[in-house]
Amino acid sequence: MSEYFEVRWHGRGGQGTVTGAKSLAEAVQGTGKFVSAFPDYGPERRGAPVRAFDRFADKRIRVHIPVREPNVIMIVDPTLIGTKALVEGVSDETVFVVNTEKDAGETKQALGLTGQTLYTVPANSISYRLFKREIPNSAMMGAFARACPQIISLEALVRESERAFAHLLAKDLVAKNLDAIRCGYEEVKSA
Amino acid sequence: MPTTKAITGNGAMAQAMRQINPDVVAAFPITPSTQIIEDFAEFVADGEVNTELITVESEHSAMSACIGASAAGGRVMTATSANGLALMWEMLYIAASMRQPVLMSVVNRALSAPINIHCDHNDSMGARDAGWIQIYAENNQEAYDNMIMAPAIAEHMDVRLPLMVCLDGFIISHSIETMELEDDQKVRDFIGQYQGQNTLLDNEHPVTWGALGLHDYYIEFKRGQQMAIQNAKAVIQDVSERFGQQFGRKYDLFESYRLDDAERVIVAINSVAGEIKEVVDALRDEGEKVGLLKIRVFRPFPYAEIAEALKDVKVITVLDRSTSMGAYGPLFGEIRTALYDANPRPLIYNRTFGLGGRELFPDDIREVFAESKRYLESGKIEKLFDFLNVRGG
């Protein structure tokens, strides 16, 4: 259903992948788009591969099925690279955003990609720097804004996330997450 | 002014409960409806509602407490799913027979075994004979809207029956979707105050509830219940009309999607209707005369209205997301009954799908329409009943 802009997230239970997909949807919703976001439902197990999905559109979204041909693939945990699930439904136009310290070209090769655009972001380092632990999703959201400015600008992402986080987090954590978004955006490399 | 929000189905149901602000909620949370009660417990703790929240030790107790609180004169709500609904069974019938307008979200989920937490409709379909009004929802917005309409329907003096609003587990309950959340005061004005009848706490007028009724009176009670739930049809239409005027979203007993001049139609319930609409649009663009009839009110079942809506259709595929073991699907039975007197009678057949959360993709729905095209051309049904997307089929 190509009239929707579709994102598929891959991570492991406990990394905040589902929260990342939902937070991104809330931010994009704030810009006036219709959104949906949902996980690949199942028993929640720390460390097990999880998927989450976003759909964005200018009209009401009617489908609820998992995304099969994503416009963007967000890889939150690079240790998943090598599993088939990551590249299912990929076309030449699919854009990858990968949380890794490694070189973008090398990552592209590891995923077996050829023509596609791939962005890397050291989201774990950013997260350790700011939170002293591994919560990469805010940095991943920042990298998404860099990869897909047609969906959301950095400015709008920061503004809308601040609004959404304010309901959930203490003030200092809101500020740190906004920093993580900005760092994620800034530290993107591409191949 | 409504607020546009990206919110989960469970979150939307909790918001509806907050706005309804019931006197009593008795609940025992169960996946995938847990978040409704978790969110609502926060509203109670934060003082956003005046509700007495009773945390009971089982779903049977939850419904028992709801019945007691309702008989005492309160507006009462709860939420459950699957095995939780099954454990309420005995009390579901008692709530309906005692004419208590208890309101409940049912987040549809498969029944064990094997253990499964995903969506199908066997839970609420099994409860279809319990005497509850059943209203189904395609998405978050409809689930919320149905719950906002629920008090005015259930508490209407021509009805006075319990009502369940059903939505798909995980697919809707755990999905964030953009929706309109209406203004608190506007919703409260729409719902109005609840006035209990012959309440237990009215000491000036002592009454008996749950009396014995044997061969002398039992059947009159049942006939009364049957009349009340039949009355609900007109009340649902009135309340839906009033809701449309107030909030701008139109609802009827069912939704007719591109049924005008349709030759082949799918009849279905809940979230799969979204995928079917996409496929109907695509096939219409290709010149095929296809459509969808989406059930909203399953109890009372609108036989005559559905027969009228489908009278010019040639082939009907009824999709059941539940099974009645040893029988055809529950929805198929109703649709076929509704069309028995149609002249000419359309071809009608039944497909079971989606049990335990198995997805039905747009390609699968295209297959369904391809099959119905064959039947239209040959004028005969090859297979009356079958499963879709199943191994060994």
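Helices and strands here are DSSP runs, helices (H or I) of at least four residues and strands (E) of at least two, and they are numbered from the N terminus. The model is predicted.

**Stop 1: chain A as a whole**

Select chain A. Six helices and seven strands make up its secondary structure. Step through the elements from the N terminus and the order reads β-α-β-β-β-β-α-β-α-α-α-α-β. The radius of gyration of chain A is 15 Å, close to the 16 Å that the globule rule gives for 191 residues, so chain A is as compact as a globular protein of that length. Along the principal axes, its C-alpha atoms fill a box of roughly 40 × 40 × 35 Å. Of the 191 residues, 50% are buried. Now look at contacts between residues at least 6 apart in sequence: in chain A, 65% of them join residues at least 24 apart.

**Stop 2: helix α1 of chain A**

Select residues 17–30 of chain A, which form α1(A). This helix has 14 residues and spans 20 Å from its first C-alpha to its last, close to the 20 Å expected at 1.5 Å a residue. Is it covered or open? Of its 14 residues, 13 are buried, so α1(A) is largely enclosed by the rest of the structure. Move on to Gly32(A), just after the helix, where phi is positive at about 105°.

**Stop 3: where chain A meets chain B**

Show both chains. Here 17 residues of chain A are in contact with 17 residues of chain B. On the chain A side, α1 (17–30) and β2 (34–39) each supply at least two residues. The largest share of that side comes from β2(A), with six residues. Colour the chain A side by class: eleven residues are nonpolar, three are polar and three are charged.

Which residue of β8(B) is the bridge partner of Ala37(A)? Pick Ile176(B).

**Stop 4: chain B as a whole**

Select chain B. Its secondary structure comes to 13 helices and 15 strands. The radius of gyration of chain B is 21 Å, close to the 21 Å that the globule rule gives for 393 residues, so chain B is as compact as a globular protein of that length. The C-alpha atoms of chain B occupy a box of roughly 70 × 55 × 45 Å along the principal axes. Buried residues account for 51% of the 393. Among contacts in chain B between residues at least 6 apart in sequence, 80% join residues at least 24 apart.

**Stop 5: the two domains of chain B**

Colour residues 3–247 as domain 1 and residues 254–387 as domain 2. Their centres, taken over C-alpha atoms, are 28 Å apart. How many residues does each domain of chain B give to the contact? Domain 1 gives 26 and domain 2 gives 21. On the domain 1 side, α6 (122–126), β6 (133–136) and α9 (218–247) are the elements that give two or more residues. The largest share of that side, five residues, comes from α9(B). By class, the domain 1 side has 13 nonpolar, eight polar and five charged residues.

**Stop 6: helix α1 of chain B**

Select residues 9–20 of chain B. This is α1(B), with twelve residues and a reach of 17 Å from first C-alpha to last, close to the 16 Å expected at 1.5 Å a residue. Twelve of its twelve residues are buried. Among them are Asn10(B), Met13(B), Arg18(B) and Ile20(B). Asn21(B) follows the helix, and its phi is positive, near 50°.

**Stop 7: backbone details in chain B**

Most residues other than glycine have a negative phi, and most peptide bonds are trans.

- Thr31(B) and Pro32(B): a cis peptide bond joins them, with omega about 0°. Pro32(B) sits in the loop between β2 (24–27) and α2 (34–45).
- Ser112(B) and Ala113(B): the bond between them is a cis peptide bond, with omega about -5°. Find Ala113(B) in the loop between β5 (103–108) and α6 of chain B.
- Phe170(B): phi is positive, near 60°, in a residue other than glycine. Its loop lies between β7 (163–168) and β8 of chain B. Buried or exposed? Phe170(B) is buried, with 26 other C-beta atoms within 10 Å.
- Asn389(B): phi is again positive, about 55°, although Asn389(B) is not a glycine. Look in the segment after β15 (385–387) of chain B. With 16 C-beta neighbours inside 10 Å, Asn389(B) counts as partly exposed.

Conventions
Residues are numbered from 1 along each chain as its sequence is written. Chains are lettered from A and ligands numbered from 1 in the order in which they are written. This is a predicted model: local features need pLDDT of at least 70, side-chain atom pairs count only at pLDDT 80 or more; totals for chains, interfaces and linings use all residues. Two residues are in contact if their C-beta atoms, placed from the backbone, lie within 7 Å. Ala, Val, Leu, Ile, Met, Phe, Trp, Tyr, Cys and Pro count as nonpolar, Asp, Glu, Lys and Arg as charged, and the others, Gly among them, as polar. Two strands pair if DSSP finds at least two bridges between them. The expected span of a helix is 1.5 Å times one less than its number of residues. A residue is buried if 20 or more other C-beta atoms lie within 10 Å of its own, exposed if 12 or fewer, and partly exposed in between; C-beta atoms are placed from the backbone. The radius of gyration is taken over C-alpha atoms; the globule rule is 2.2 Å times the number of residues to the power 0.38. Domain bounds come from an automatic or database domain assignment.
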